[in-house]
Amino acid sequence: ETFDFQNTPEGVINYLFESAKNHDFSKLRYLCDPYGENDGDVRGICLVEMQPKEMQNKFAESFKNGRIMGEAKIENETAKIEIAFGPGSDKLETVGLVKRLDNWYLSGL
């Protein structure tokens with residue numbers, strides 16, 4: 001299943017932040033690369049819906065104040081986006097994404 005927010009790398013990242021704000025983890029599993037080429041951190045995000053409440057709350061706390069820092073760097077079928085996250089939105093991380101069949105998926109944190 002795919003969604004409109006997967007049309008751009010920014011859409012995927014913004015959906016990640018929105019799901020944390022709204023505690024709606026139902027579509028996070030669709031953010032993982034369908035070919036399985038992602039790291040453990042991304043797999044953890046994709047499986048938040050199945051995690052205990054404590055882990056869901058930890059995810060929400062980490063990403064609800066997240067924001068994109070600058071433009072996505074897109075090269076062929078991959079993209080990198082720098083984000084600020086954490087309770088104070090003071091941690092920086094570069095998120096990797098991959099394009100599969102015209103949709104974007106998380107590949108690495």
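**Disulfide and sheet**

Modeller: The link of Cys 32 and Cys 46 is right-handed, with 110° about the S-S bond. The model is predicted: local features need pLDDT of at least 70, side-chain atom pairs count only at pLDDT 80 or more, and totals for chains, interfaces and linings use all residues. Residues are numbered from 1 along each chain as its sequence is written, and side-chain values use heavy atoms, with hydrogens and water left out.

Biologist: How many disulfides does the rule give?

Modeller: A disulfide is a pair of cysteine sulfur atoms within 2.5 Å. The count here is one; Cys 32 and Cys 46 are joined at S to S 2.1 Å. Cys 32 is in the loop between H1 and helix H2 (40-46), Cys 46 is in helix H2, and the two are 14 residues apart. Helices (H or I, at least four residues) and strands (E, at least two) are DSSP runs, numbered from the N terminus.

Biologist: Is Cys 46 buried or exposed?

Modeller: Buried means under 20% relative accessible area, exposed over 50%, partly exposed in between (1.4 Å probe, protein chains only). Cys 46 is buried because its relative accessible area is 2%. Cys 32, at 16%, also counts as buried.

Biologist: What is the strand order of the open sheet?

Modeller: Strands of a sheet pair through backbone hydrogen bonds, either parallel or antiparallel. Two strands pair if DSSP finds at least two bridges between them. The four strands here run E1-E2-E3-E4, with antiparallel pairing. Strand E1 (67-75) and strand E4 (103-108) are the edges, each pairing on one side only.

Biologist: Over how many bridges do strands E2 and E3 pair?

Modeller: Strand E2 (residues 78-85) and strand E3 (residues 91-100) pair over eight bridges, in the antiparallel sense. Lys 91 in E3 is the bridge partner of Phe 85.
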